[in-house]
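Here is a short report for a reader meeting this protein chain for the first time. Please look over the sequence and the model before reading on.

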Amino acid sequence: MEFPLRSGQGWILPAEVSATWTALPVDVAGELEKARVWLLANPARRKTARGMPRFLVGWLHRATPSTPSRSFGHEYGD
């Protein structure tokens with residue numbers, strides 16, 4: 001999959017990286033497509049080649065269902 005960069009070039013996600021993400025409890029291919037479309041729609045917020053992996057990891061992290069936190073007091077509505 002190719003992602004548009006700030007420079008106007010395309011960045012290709014390495015196959016070995018995407019293979020490690022398949023274990024995540026999320027539709028990785030679907031979320032990567034959403035990220036690609038977001039980049040197309042927001043050219044002023046596109047990333048550099050160096051920043052693209054971090055952007056995609058953050059995108060997948062936000063898409064991953066979270067587990068309940070262990071913060072104290074919240075179980076009682078505090």
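Among contacts in the protein chain between residues at least 6 apart in sequence, what share joins residues at least 24 apart? The share is 62%. Contact here means heavy atoms within 4.5 Å.

The model is predicted, so local features need pLDDT of at least 70, side-chain atom pairs count only at pLDDT 80 or more, and totals for chains, interfaces and linings use all residues. Residues are numbered from 1 along each chain as its sequence is written, and side-chain values use heavy atoms, with hydrogens and water left out.

**Overall layout**

The protein chain has three helices and two strands. Along the sequence, their pattern is β-β-α-α-α. Both kinds of element are DSSP runs, numbered from the N terminus: helices are H or I with at least four residues, strands are E with at least two.

The protein chain holds 78 residues, and 26% of them are buried. Buried means under 20% relative accessible area, exposed means over 50%, and partly exposed lies in between (1.4 Å probe, protein chains only). The accessible surface comes to about 5,800 Å². Carbon and sulfur atoms account for 56% of that surface. These areas come from the Shrake-Rupley method with a 1.4 Å probe; for residues, only the protein chains shown count as cover.

**The core**

A nonpolar core is a set of buried Ala, Val, Leu, Ile, Met, Phe, Trp, Tyr and Cys residues joined through side-chain atoms within 4.5 Å. The largest one here has 15 residues. Phe3, Leu32, Met52 and Leu56 have the most contacts inside this core. Helix H2 (28-41) and helix H3 (52-63) each supply at least two of its residues. H3 gives the largest share, five residues.

Take Leu56. Beyond its neighbours within four places in sequence, Leu56 touches Phe3, Trp11, Leu13, Trp21, Leu32 and Ala35.

**Two residues side by side**

Glu31 sits in helix H2. Ala49 lies in the loop between H2 and H3. Their relative accessible areas are listed here.

| Residue | Relative accessible area | State |
|---|---|---|
| Glu31 | 13% | buried |
| Ala49 | 40% | partly exposed |

Ala49 is in contact with Leu5 and Trp11. The C-alpha atoms of Ala49 and Ile12 are separated by 9.3 Å, although these residues are 37 apart along the chain.
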